[in-house]
Amino acid sequence: MAKILGTSLQAADQVALLRSLGLLLQIGLTMFAADTFGLSLQMEPLVHVLVLEVLYLSLTLALRKPLFAKERGLFIALSLDTLFWISWLHFSGGATNAFISLLLLPIALAAVTLPIWAPWALTAISTLAYSLMIFIVPESPMQHHGMDMSSHYLGMWFNFVISALVMTTSVALITKRMRRQDAQLAYMREGQLRQEQLLALGTASAQMAHQLATPLSSLRLLLDEVKEDMSGTSITVVEMETALGRCEHTLAELRLATESIRDRRQRPQKIAELVDGLKQKTLLLMPQTELNWLFTCAPEQLAEQSILTDMSLTPAIMALIENAARASVETLGAPQVDINLDIAPSEAQIYLQIRDYGPGIAPSLLPQLGTLLIESPKGLGVALLLSHASLERLGAELILANHPQGGTVAQIRFTILKDKAASLSPNTKAADGVRS
């Protein structure tokens with residue numbers, strides 16, 4: 001239908017054009033083709049019906065964009081169109097009108113543009129009206145050249161019902177399947193765009209990491225020479241050595257993470273081990289951050305449950321903690337972060353919530369953060385995009401929301417590994433990942 005009308009037209013304009021053509025068809029049949037098709041016209045009520053329909057159609061065409069933006073508005077418009085068609089048919093021959101099948105037009109539009117309940121409702125209205133017109137047909141039209149036409153009109157009614165049912169079910173189901181396929185294609189295109197962005201970021205990061213290796217080695221040699229030339233210990237030199245050590249440690253982890261991702265080295269890890277590693281990382285890299293750990297599960301559960309991890313998991317969570325600490329500084333003046341860990345064995349889920357006390361995130365940005373690159377002076381877009389990609393690759397899910405009492409909550413949902421999967425060795429797990 002869209003190809004016939006032209007791909008440049010919007011959906012609302014396509015529906016408006018079909019409804020306008022329907023009104024022009026009614027006027028043309030009434031004024032110029034009544035005798036040709038044997039229409040029994042009642043002109044006085046027909047004129048009133050056509051005038052009201054012209055006014056109504058003009059109003060809905062002028063307001064078609066806001067009216068058709070919601071399913072309820074379009075359904076009301078098509079319902080009134082059906083009533084106008086029923087009125088025109090009633091005053092132009094009723095069930096004997098050769099164009100009774102035009103009642104299928106609003107049903108077809110509803111089947112293509114609205115959920116499946118809408119064409120069913122219009123089918124019920126049209127079938128009820130057609131049935132009433134069958135019963136009120138006068139005796140004279142039922143007799144044609146001495147033949148009883150009642151069975152013929154009854155057959156027309158039955159054919160209309162079958163056609164409406166076929167259109168309501170088949171067209172609506174085909175349209176629903178096409179919408180689902182379009183949604184899947186859109187999701188795949190977004191995923192492909194995200195993968196292209198991640199590939200570009202990964203390439204740039206690898207190049208920069210390679211370029212940083214030589215300067216860091218030079219700085220290490222220079223720092224050692226400075227320490228040898230100095231007679232005593234300087235606080236500045238100690239701080240420089242600490243900062244340089246962090247840079248070297250981060251670069252080494254980046255290399256390991258790159259090799260792990262390249263070789264798909266995924267392994268099971270106990271939740272307790274992950275928590276201990278996060279605590280050590282935050283103490284080493286973020287010593288000034290106040291972390292409030294809250295465990296709503298028993299300690300023995302932490303020692304029992306395992307999740308799927310690789311070298312990119314800890315950096316992804318650390319990026320979220322760092323963003324949360326930076327957001328809290330804007331409001332509280334101090335880096336304060338709450339981390340809540342909960343286990344739902346019945347759902348086979350583990351929930352890790354990271355809450356900050358910052359200003360929160362604009363509701364319009366929440367659906368985009370973590371899936372697209374968002375321009376932001378705070379740099380949240382890239383960090384969240386990388387964290388989301390790392391967690392998604394491990395079968396985890398990242399959900400962002402604003403806390404009712406202020407700040408933002410980043411919830412990570414891990415899938416608990418079954419006993420068989422958790423008992424696999426790292427090498428076996430990596431081999432399985434390669435085969436898959």
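Q: Leaving aside neighbours within four places in sequence, which residues is Glu290 in contact with?
A: This is a predicted model. Glu290 is found in strand β4, residues 290-295. Beyond its neighbours within four places in sequence, Glu290 is in contact with Pro335, Gln336 and Val337.

Q: Is Glu290 buried, partly exposed or exposed?
A: Buried would need a relative accessible area under 20%, and exposed one over 50%. Glu290 has 42%. That value lies in between, so Glu290 is partly exposed.

Q: Is Asn97 buried or exposed?
A: Asn97 is found in the loop between α5 (71-90) and α6 (104-113). Not counting residues up to four places away in sequence, Asn97 touches Leu39, Trp88, Leu89, Ser92 and Met156. Its relative accessible area is 0%, and the cut-off for burial is under 20%, so Asn97 is buried.

Q: How are α3 and α5 oriented to each other, roughly parallel or roughly antiparallel?
A: The axes of α3 (residues 43-62) and α5 come within 10 Å and cross at roughly 160°. Angles over 145 degrees count as roughly antiparallel. Therefore α3 and α5 are roughly antiparallel.

Q: How many nonpolar residues does the contact of α3 with α5 have?
A: From α3, the residues include Leu46, Val49 and Tyr56. From α5, they include Ile76, Phe84 and Trp88. By class, the contact of α3 with α5 has one polar residue, two charged and, as the nonpolar count, 10.

Q: Which residues does Trp88 touch, not counting residues up to four places away in sequence?
A: Trp88 is among the residues with the most contacts inside the largest nonpolar core. It is also one of the α5 residues that meet α3. Not counting residues up to four places away in sequence, Trp88 touches Gln26, Leu29, Thr30, Leu46, Val49, Leu50 and Asn97.

Q: How many of the 10 residues of α6 are buried?
A: The buried residues in α6 include Leu104, Pro106 and Ile107. The helix α6 is mostly covered. Of its 10 residues, the number buried is seven.

Terms used:
Residues numbered from 1 in each chain as written. Predicted model: local features only at pLDDT ≥ 70, side-chain atom pairs only at ≥ 80, totals over all residues. Heavy atoms only, no water. Helix = DSSP H or I, 4+ residues; strand = E, 2+ residues; numbered from the N terminus. Buried < 20%, exposed > 50% of the residue type's maximum accessible area, 1.4 Å probe, protein only. Contact = heavy atoms within 4.5 Å. Axes fitted to C-alpha atoms, helices over the stretch in contact; angles between N-to-C directions. Parallel < 35°, antiparallel > 145°, perpendicular 65-115°, else oblique. Nonpolar A, V, L, I, M, F, W, Y, C, P; charged D, E, K, R; others polar. Core = buried A, V, L, I, M, F, W, Y, C linked by side-chain atoms within 4.5 Å.
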